[in-house]
Amino acid sequence: MPKRKIEFEFSAGLRWTHWIRAIAIFVLTVTGFYLAYVFVAPNASDEPVLFLNAKFRMWHEIAGFILIAVTLYKTYLFFVDRISKKERIAFLDFISPKIWIQQIKYYLFLGEHPKLRGVYNPLQFVAYIGLYAMVFAICITGLVLYVHVYHDGIGGMLYDYMRPLEVMMGGLAMVREIHHIAMWGILIFVPVHIYMAIFNSIMGKEGLIDSIISGYKFINEDH
Ligand code: HEM
């Protein structure tokens, strides 16, 4: 058995928000598909009490604001938090051509895993930048859609700021389109992310998946 060293990898805030975001994305996808194409309808009633569409939209918006809050918090952690320094340092691996080549060779089973300075390898880093671009796009377009749904509170407050963005995007129909396309971007990311996590956990044998639950990784000292 190779010797393992225990190492603290991810802060509690980072881990909690990872799973809250995963649940929010799941809820947003199910309710979002309904908003795009109504796939269930209640039995017809004479009374105006059903409001199924409004209920789906309400849960979509609740999960949407949770996603926005989590995104802002995670962005703050990335740039400011002391424990997240390991995430920031990953940028140095990202700009190193040597690490890029070693990493690609590793995925092709042609070489050893490169020795990284940060917590993410360069391919992972690119994937996360792409994810954030899509999450920001979906949050902004979501807010543009939201100010047309609810005119008090945050909706009313943001209305004047969202309208120019709506015009820049080519009108409300285009905003919906962009929102929908960004969803597919996220939906492509998710299975690849899960596949890579399992791949690296099996190949690395360092408790990678455990680290996003417990915070700790078990580094192989022979590496
Ligand atoms: C992973 C994140 C999200 C996914 C997968 C998602 C998905 C969707 C989809 C598929 C639609 C229907 C668009 C269409 O007509 O084709 C939609 C509509 C909408 N989304 Fe999202 N969305 C997300 C995040 C958000 C966020 C952060 C907000 C902000 C509060 C938001 C607010 C809205 C609103 C207000 C609508 C329009 C509802 C209506 O037309 O009645 N969404 N979303």
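How far is an oxygen atom of the ligand from an N or O atom in the side chain of Arg57? The distance comes out at 2.5 Å, inside the limit for a polar contact (a pair of N or O atoms within 3.5 Å; within protein, one must be able to donate a hydrogen and the other to accept it, and residues adjacent in sequence count only if both atoms are side-chain atoms). The model is a predicted one, in which local features need pLDDT of at least 70 and side-chain atom pairs count only at pLDDT 80 or more, while totals for chains, interfaces and linings use all residues. Residues are numbered from 1 along each chain as its sequence is written, and side-chain values use heavy atoms, with hydrogens and water left out.

The side chain of Arg176 has an N or O atom 2.6 Å from an oxygen atom of the ligand.

His60 sits in helix H2 (residues 52-80) and His179 in helix H7 (residues 172-204), so the pair ties together parts 119 residues apart in sequence. Helices are DSSP runs (H or I, at least four residues), numbered from the N terminus. Both histidines are tucked away: His60 is buried at 14% relative accessibility, and His179 is buried at 16%. Buried means under 20% relative accessible area, exposed over 50%, and partly exposed in between (1.4 Å probe, protein chains only).

Next, the nonpolar packing. A nonpolar core is a set of buried Ala, Val, Leu, Ile, Met, Phe, Trp, Tyr and Cys residues joined through side-chain atoms within 4.5 Å. The largest such core has 21 residues, of which Leu67, Val135, Ile138, Cys139, Met162 and Ile186 touch the most other members. Two or more residues come from each of helix H1 (12-36), H2, H5, helix H6 (153-168) and H7, with H5 giving the most, six residues. Another core, of eight residues, lies apart from it and includes Leu14, Leu77, Phe125 and Ile212. Cys139 touches Leu67, Ile68 and Thr71, not counting residues up to four places away in sequence; contact means heavy atoms within 4.5 Å.

Met134, in helix H5 (residues 122-146), is partly exposed at 23% relative accessibility. Leaving aside neighbours within four places in sequence, Met134 is in contact with Ala182, Gly185 and Ile186. Met134 and Ile186 are 52 residues apart in sequence, yet 6.7 Å apart from C-alpha to C-alpha.

Lastly, two loop residues. Phe109 has a positive phi of about 60° although it is not a glycine, and Phe109 is exposed at 58% relative accessibility.  Lys205, in the loop between H7 and helix H8 (208-211), has a positive phi near 50°.
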